[in-house]
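Thank you all for coming. I would like to take a few minutes to walk through how two parts of one protein chain meet, and then to look at a few side-chain pairs.

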Amino acid sequence: MQNLTLKKIEYTAIGESLYRVILPNGLRLFLLPKTNFHETYGIMTVNFGSVDTYFVPRGTKQAIHYPAGIAHFLEHKLFEDENGNDLLQEFVDLGAESNAFTSFTKTSYLFSTTENVEECLELLQDLIGEAYFTEESVQREQGIIQQEIEMYQDNPDYRLFFSALANLYPGTALAQDIAGNRESIAEITVEDLDENFETFYHPSNMSLFLVGNFDLEKTVATISEQQNSYEIDDEKSAIKRRALKLSPVVPTASMRMEVSRPKLAVAMRGNNKISKRKLFRYKLILKLLFDMMFGWTSKRYQKMYENGKIDASLTLEVEVEERFHFVMLTMDTQEPVALSHQIRTAIKEFAHDMDVTEEHLDIVKSEMYGDLMHGLNSLEYMATQYETLIDGENLFDLPKILQDIHLEDILEVGHEFIDHFDMIDFTIFPK
């Protein structure tokens, strides 16, 4: 084992100590020992998601546009070894649970266990360290994923979210389902999978977060030894992703499905630039602003709820990434047209909103802090919500950030976002 210097980060506000190190091959390693837990939770994340369909493959100079859904397709295929065996079963044999998920910008592979931690870690690293694709296995997987896509098409809430997103980002990868569509999945080839795997699945584009009951020094040594077997990447900064090309939004649209009452989405696309170091704070402030205006503690929510305009189905989604950011409100309502107009007007006049006050900000900040403290009782919450970044603020910084945020910060970010955004609505009406 090479001598590695772990950096210890003390989060005194929540009583946690995190250790991190960058291994020689570029893998970012984050360790959070919690010996008062019986369970251990590990998650390996690749900076590769559904929006990464247009990039320059490694070893080439020409950008290629790949079929939608290829990141999710790779996630499925990596659970199959060279003999066609299901690696999920190997985790089960070790007494562990395992899963994976693909988001807009990341693919994550995870396990949780109360035994055989080192063996599970070895299997997790092997899982994404090598890939085996054949024409036969790819064709078989195409059928499986196409069935999965069809299943989601019957889910009204799912259709509402992604239909609104497609109108917010027309002609981009965000206009496609994370899993792709029947046509795009049918286009994926063995060569496509090889090129995507070689480009994104190398240690310098990955992170490993481990939290729970494990021996710190022994675990670092075990991980380091296994990672030494992977070739050091001399081109670790060479991934050239193409930016999303923003076209005019589709202001309003609708469809019909088998629903008991209409479903409304009001979505906003941010067009301002946000520095990478400020992403986490910016997302928090946007969430605080829209919670103040439309959360259950707001006067607006209480009035709409009491008048039967909305029910408890109202949800708020805030996504802030380096290449895109958006806010979406979704709800069931008998008056989607009138309610959309009310919401749109309120958002544009947010600076004078009755719910955007210092007193109300204190309430929603307290609620957010309470959610954090509750979440810290869950290893899964910590592992999946902690952004494995070397620089910038993060989940465990939240208490300090909340203490620093005041109403003028909310108004400043609100103007940055709302003064330059595009807004749309999408409605699903009953058949």
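This is a predicted model: local features need pLDDT of at least 70, side-chain atom pairs count only at pLDDT 80 or more; totals for chains, interfaces and linings use all residues.

Let me begin with a definition: by a salt bridge I mean a side-chain nitrogen of Lys or Arg within 4 Å of a carboxyl oxygen of Asp or Glu. Residues are numbered from 1 along each chain as its sequence is written, and side-chain values use heavy atoms, with hydrogens and water left out.

The domain assignment, meaning bounds that come from an automatic or database source, gives domain 1 (7-241) and domain 2 (252-430). Their centres, taken over C-alpha atoms, are 28 Å apart. If we take contact as heavy atoms within 4.5 Å, then 43 residues of domain 1 are in contact with 41 residues of domain 2.

How much area do domain 1 and domain 2 bury between them? Counting buried area as the accessible area (1.4 Å probe) that two parts lose on being put together, summed over both, the value is about 3,600 Å², with 74% of it on carbon and sulfur atoms. On the domain 1 side, Ile 14, Leu 160 and Leu 168 lose the most area to domain 2, and together they account for 19% of what that side buries.

Turning to charges, the rule finds three salt bridges across the interface of domain 1 and domain 2, whereas the structure as a whole holds 20. Asp 52 and Arg 323 meet through their side chains in a salt bridge, at 2.8 Å from N to O. With helices (H or I, at least four residues) and strands (E, at least two) taken as DSSP runs numbered from the N terminus, Asp 52 sits in the loop between β4 and β5, and Arg 323 in the loop between β13 (315-320) and β14 (325-332), so that this pair links parts of the chain 271 residues apart.That is where I will stop, and I am happy to take questions.
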